[in-house]
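This briefing goes through one protein chain and its ligand, topic by topic. Please keep the structure open while reading.

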Amino acid sequence: MKSEDVLMCSISKWYKQFKKNTFQTYFVKLCPDFIDYLNEDCVLIPDFEEVPSLPLFHQQMYLEIKEGLRKLCNVSFIKLNWSAPTDARWLLLNQNMQCTSVEDVYLLLKSSDRTAHDLSQPFKDCLSPISISDVEYVLALRKWEDICSSWEFRCFVRDRHLVGISQRDISASWPYLRQEEETIVSSIVSFFKEKIQNFFPLTNFVFDVVRYNKEKIKIVDFNPFGITTDGLLFTWEELSESENLDVMPQDISVVANYFCWTNGEDGSVVFRYLKDSARIQSTSHRLNCYPIDMVLNPKDFAKSANISTELKDSDDEDGEGERDHFKNSDVCS
Ligand SMILES: Nc1ncnc2c1ncn2[C@@H]1O[C@H](COP(=O)(O)OP(=O)(O)O)[C@@H](O)[C@H]1O
Ligand SMILES: [Mg+2]
């Protein structure tokens with residue numbers, strides 16, 4: 001993976017070209033003082049009742065975010081160049097990432113490890129990482145859309161050909177995916193050919209879509225083709241090398257079905273989705289809803305918090321079982 005590829009997947013780079021096929025977005029440039037503030041350890045949110053007494057950069061951010069929110073009817077989904085602070089969503093009252101005030105935006109950005117990663121090491125997995133001083137950091141305020149996770153798909157493009165599609169949320173299975181596998185794939189292939197294939201500048205990349213119905217598909221995001229991006233129901237070895245994505249590794253075939261669609265001279269596209277019988281797993285950010293002490297050492301945590309729980313009394317004397325459970329639920333995206 002090249003640093004240039006990561007740069008091209010920044011929303012500030014691709015938005016203009018794909019504006020018509022994605023959610024309306026306003027950008028606020030992040031000045032160095034604000035980036036320093038985000039990088040500071042403490043979670044101190046300024047008092048926006050007293051805006052004129054705040055440092056100038058907070059005043060400016062306040063006005064620009066407020067204006068962006070106003071243009072989006074005061075409900076917005078936010079992200080930095082690459083990542084959304086989805087790991088911090090539990091801090092908001094409704095826990096669903098809807099930002100309705102400048103305070104919400106600040107709270108999510110200050111509390112998220114995912115956005116901290118954007119600020120500190122976006123090129124971590126690249127062959128020759130470039131300096132972060134070459135990045136123009138932005139806050140993207142996106143129009144809020146009610147999206148059902150069963151409508152979301154991640155699509156893998158290799159050598160400009162769409163080779164794989166996976167359901168985006170792999171914590172649940174939906175019977176409709178089996179019933180509509182062919183129409184799902186054919187509509188995503190048509191959308192890709194019409195709107196993306198000859199327009200996105202990279203030859204290898206990943207894009208996420210939300211498919212409302214046969215006719216209506218929107219781009220959610222572009223991501224680099226490589227381990228920084230979660231391969232979901234594909235492994236990166238398969239995605240990078242395998243010619244036969246319709247042959248599934250043993251552990252994936254236990255939980256997933258596939259549908260292979262042959263697409264004329266463009267080769268074939270393999271769609272993977274969880275079997276109806278697949279064990280439902282915790283969602284990717286479930287881990288973030290618990291204090292870390294509870295995850296690492298549930299027995300001590302229960303003791304210090306004076307909680308009389310099953311954890312204390314369970315047969316699982318050393319808490320290993322709990323730890324494994326949490327480890328398995330920790331999926332990055
Ligand atoms: N505009 C939006 N309104 C509501 N939810 C959204 C919006 N954009 C994205 N989401 C939800 O947030 C998830 C993550 O969004 P995405 O932009 O891909 O962030 P990341 O790159 O950090 O994963 C999406 O899968 C979708 O469920
Ligand atoms: Mg993304």
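The buried residues of H2 are covered by, among others, helix H1 (3-8) and the strands E1 (25-29), E2 (76-79), E3 (138-143) and E7 (217-224). The model is predicted.

**Helix H2 and tryptophan 14**

- Helix H2 spans residues 11-18, and Ile11, Trp14 and Tyr15 are buried in it.
- These buried residues line one face of the helix, because they fall within an arc of 115 degrees when H2 is seen down its axis.
- In general, residues three or four places apart in an α-helix point the same way, because there are 3.6 residues a turn.
- Tryptophan 14, a residue of helix H2, counts as buried because it has 21 C-beta neighbours inside 10 Å, and the cut-off for a buried residue is 20 or more.
- Apart from neighbours within four places in sequence, tryptophan 14 is in contact with Met8, Cys9 and Phe222.
- Tryptophan 14 and phenylalanine 222 are 208 residues apart along the chain, yet their C-alpha atoms are separated by 8.0 Å.

**The chain as a whole**

- The protein chain contains 14 helices and 9 strands.
- Of its 333 residues, 33% are buried.
- Taking the contacts between residues at least 6 apart in sequence, 67% join residues at least 24 apart.

**The largest nonpolar core**

- The largest nonpolar core has 72 residues, and the members that touch the most others are Ile78, Cys155, Ile188 and Val209.
- Helix H8 (residues 181-196) gives the most to this core, supplying 6 residues.
- Domain 1 (3-143) and domain 2 (149-274) each contribute at least three residues to this core.
- Cysteine 155 touches Leu162, Ile165, Ile188, Phe192, Val206, Phe207 and Val209, when residues up to four places away in sequence are not counted.

**The surroundings of ligand 1**

- Ligand 1 is surrounded by 18 residues, of which Phe77, Ser83, Ala84, Arg142 and Asp221 are the closest.
- The strands E2, E3 and E7 each provide at least two residues of this shell.
- These three strands are also among the elements that cover the buried residues of H2.
- Which classes of residue make up the shell around ligand 1? There are 9 charged, 6 nonpolar and 3 polar residues.
- At least three residues of the shell come from each of domain 1 (3-143) and domain 2 (149-274).

**Two loop residues with positive phi**

- As background, most residues other than glycine have a negative phi.
- Cysteine 73 has a positive phi, near 60 degrees, and lies in the loop between helix H4 (56-71) and E2.
- Is cysteine 73 buried or exposed? Cysteine 73 is exposed, because 10 other C-beta atoms lie within 10 Å and the limit for an exposed residue is 12 or fewer.
- Methionine 97 is not a glycine either, and its phi is positive at about 75 degrees.
- Methionine 97 sits in the loop between E2 and helix H5 (102-111).
- Methionine 97 counts as partly exposed because it has 18 C-beta neighbours inside 10 Å, a value between the limits of 12 and 20.

Note on methods:
Residues are numbered from 1 along each chain as its sequence is written. Chains are lettered from A and ligands numbered from 1 in the order in which they are written. This is a predicted model: local features need pLDDT of at least 70, side-chain atom pairs count only at pLDDT 80 or more; totals for chains, interfaces and linings use all residues. Helices (H or I, at least four residues) and strands (E, at least two) are DSSP runs, numbered from the N terminus. Two residues are in contact if their C-beta atoms, placed from the backbone, lie within 7 Å. A nonpolar core is a set of buried Ala, Val, Leu, Ile, Met, Phe, Trp, Tyr and Cys residues joined through C-beta atoms within 7 Å. Domain bounds come from an automatic or database domain assignment. The arc is that of the directions from the helix axis to the C-beta atoms. A residue is near a molecule or strand if its C-beta atom, placed from the backbone, lies within 6 Å of it. Ala, Val, Leu, Ile, Met, Phe, Trp, Tyr, Cys and Pro count as nonpolar, Asp, Glu, Lys and Arg as charged, and the others, Gly among them, as polar.
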